[in-house]
Amino acid sequence: MEGRGIPAVVLGTDAFVSLGHTASAALGLPHLPVVTVSHPIGGVAADDVRKRADGIVDAVVTALTRDPAPVSATPAAETVSGPDDLDAFQEFVMTQGWGDGLPVLPATRSRVARILGRRRIDEVVATLAPRQGIATLQTIAANAALAGAGPEHLPVIVAAIRALADPRFNLFAIQTTTHPCTPLLIVNGPIARRLGISGGPNALGNGYRANAVIGRSVRLVLQNVGGTKPGSTDRATQGHPGKFSYCVAENEEASPWEPLSVERGFGRHESTVTVCGSEGPHNVNDHGSTSAEALLRALIGTAATTGSNNIYLGGEPLVVLGPEHAQTIAASGWSKRDFKRAFWDGARVPLRAFSAENVERFAVIDPERFKDKPRDTVIHVTKTPDDVMVIVAGGPGKHSAFVPTFGDTRSVTVPIAE
Amino acid sequence: MLDGILLEKAGVPSASIVTDVFEITGRAMAEQWGVPYYKFLAMPHPIANLTEAQLDQRAREIASEVAKLLLQGQE
């Protein structure tokens, strides 16, 4: 039914939920909704059955009134032959549309098998927009092999892919927009140290294999499974360099506060990855300030700009505090929450700073904040203090970074299964 | 574009309109969603800075094509 465009829902007991998902994925309909009641239903009194049915009515109605799920256009992974010569192989990969422009390593059967280890190759991890391509462990591993990753990196890559498919992230828009954004991966917990994912000096730059190959693997999965090609389905007007790879660990040892993962309900010993639909980092240089209040001037001044998606769409821009800046703020007695509130309050732009034409456009998108407002109204860069994301990363030096996002996207944190 | 494709799949006539620089994107998306010959309309890029009057003019120019596509369907 679903394959013919008629919304359908699978009903079952919770004992069979994984079977339902596996079967629908195998038929190219991984999004087919499955609604369950608690197992068993055989030999249960009619009243009890009715009670369980009452509990799922809303879920069934929701499932039947959405757009029909697309039949995935992604074929099962197939093996193709390419040239043995490494230089010729680069040309081949670009002709196939699989590369990012930098040299890749051949994703041979043996290299992909080594990355996968004993995992199930056909396990469905996520369905990725815009093509609704099915990311299986095998297709993820093949892209990781191209990107130069090893088996140890796979759990982080898989977790990130799972997070990107969360509807709150709005992957379809992130993948296809003209805005320069790409998933920024923030890794927390012990796995960062174990894999050498840097949160120290130059962590947002070059020089660290784990950062480079994890971020790059995710980008290649988004391109080759999700189906975005620059200039075709990826319509970024300019893009940004982080689209090659964009992965950083939080420098938890150097932070005066709880890590991002702990803020979001995970334990310090749990490893997580957080994905954000981010622009490139913009530097905040402040070598003079010695208190939180003083340093805030440079931070909010860098964030409060008129050309930001966040200011009219909302979302969660990220402040990446260098450890020295973070220490300066904490030494003034501020918690992370205090900082978020002060940053939210200070990072604002008066309506008169925008062109009248732009305000008119914003008023259509968000009438509550922009329609018929006096010109001296102040517009905050984030709608609430909680929308300000804060991590500590980097090495010695008096620099921090502000990282705006696409706006119509929420960051998603998931645990990394090891 | 995708909304139009989904509406058609659900049996509701649709007419997606892009600006011409996005024709390649529209076609790529139609191919990805299994309807490579999906018909849609294009108008000159850009439209973001047009005045209300200019937009009305654009709408008038394309209205008959929209009506035609809605009535003829994708066959």
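This is a predicted model: local features need pLDDT of at least 70, side-chain atom pairs count only at pLDDT 80 or more; totals for chains, interfaces and linings use all residues.
**Domains**

Chain A falls into domain 1 (2-64), domain 2 (86-249) and domain 3 (280-409). Taken over C-alpha atoms, the centres of domain 2 of chain A and domain 3 of chain A are 29 Å apart. Domain 2 of chain A gives 18 residues to the contact between them, and domain 3 of chain A gives 13 residues. On the side of domain 2 of chain A that touches domain 3 of chain A, α7 (171-176) and β5 (182-188) of chain A supply at least two residues each. That side of domain 2 of chain A, where it touches domain 3 of chain A, is made up of 11 nonpolar residues, seven polar residues and no charged residues.

**An open sheet**

In chain A, four strands form an open sheet with mixed pairing, in the order β8-β13-β9-β12. Strands β8 and β12 of chain A are at the edges and have a single partner strand each, so one side of each has no neighbour in the sheet. From one strand to the next, the twist averages 25°.

| Strand | Residues |
|---|---|
| β8 of chain A | 282-285 |
| β9 of chain A | 318-321 |
| β12 of chain A | 389-392 |
| β13 of chain A | 399-403 |

Strands β9 and β12 of chain A run parallel and are joined by four bridges. In one pairing, A:Val319 has A:Val390 in β12(A) as its bridge partner.

**A helix across the sheet**

Helix α11 (residues 292-303) of chain A lies across β8, β9 and β13 of chain A. The angle between helix α11 of chain A and β8(A) is about 155°.

Note on methods
Residues are numbered from 1 along each chain as its sequence is written. Chains are lettered from A and ligands numbered from 1 in the order in which they are written. Domain bounds come from an automatic or database domain assignment. Two residues are in contact if their C-beta atoms, placed from the backbone, lie within 7 Å. Ala, Val, Leu, Ile, Met, Phe, Trp, Tyr, Cys and Pro count as nonpolar, Asp, Glu, Lys and Arg as charged, and the others, Gly among them, as polar. Two strands pair if DSSP finds at least two bridges between them. Axes are lines fitted to C-alpha atoms, for helices over the stretch in contact, and angles run from 0 to 180 degrees between N-to-C directions.
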